[in-house]
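Q: Please take a close look at a single part of this structure. I would like one connected account.

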Amino acid sequence: MGSGARPAASRPGRVKGGPATKNRLEELRRQHGIRQEELADALGVSRQTIGSLENGRYNPSILLAFKLARYFGLAIEDIFLYEEEQP
């Protein structure tokens, strides 16, 4: 792997249809005065991963969701908002 690359296990899943997941990550990060780079470094992911999470292009792995929740001192459900699709 090149510099800055992450193993596949730490990469978030690409969002392709299915249930919608929204999050408050950007809001929380800004409230705490943290740059994307700082949050990425603290969690061991790339800045691009944080950006992709914030704009809804990716869903986090369960491990990353727990790390984010612990970092902000919140429950996962306080960061990630799950909305089921209506039939």
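A: Here is a close look at one helix and its surroundings.

This is a predicted model: local features need pLDDT of at least 70, side-chain atom pairs count only at pLDDT 80 or more, and totals for chains, interfaces and linings use all residues. Residues are numbered from 1 along each chain as its sequence is written, and side-chain values use heavy atoms, with hydrogens and water left out.

Helix H2 covers residues 36-43. Helices here are DSSP runs (H or I, at least four residues), numbered from the N terminus. The buried residues of H2 are Gln36, Leu39, Ala40 and Leu43. Buried means under 20% relative accessible area (1.4 Å probe, protein chains only). Seen down the axis of H2, these residues fall within an arc of 100°, so they line one face of the helix. The arc is that of the directions from the helix axis to the C-beta atoms. An α-helix has 3.6 residues a turn, so residues three or four places apart point the same way.

What covers this buried set? Helices H1 (25-31), H3 (47-54) and H4 (62-72) are included in the cover.

Now take H3. Gln36, Glu37, Leu39, Ala40 and Leu43 of H2 meet Arg47, Ile50, Gly51 and Glu54 of H3. Contact means heavy atoms within 4.5 Å. By class, this contact has four nonpolar, two polar and three charged residues. Ala, Val, Leu, Ile, Met, Phe, Trp, Tyr, Cys and Pro count as nonpolar, Asp, Glu, Lys and Arg as charged, and the others, Gly among them, as polar.

After H2 comes glycine 44, with a positive phi near 75°.

How values were computed:
Buried means under 20% relative accessible area, exposed over 50%, partly exposed in between (1.4 Å probe, protein chains only). Helices (H or I, at least four residues) and strands (E, at least two) are DSSP runs, numbered from the N terminus.
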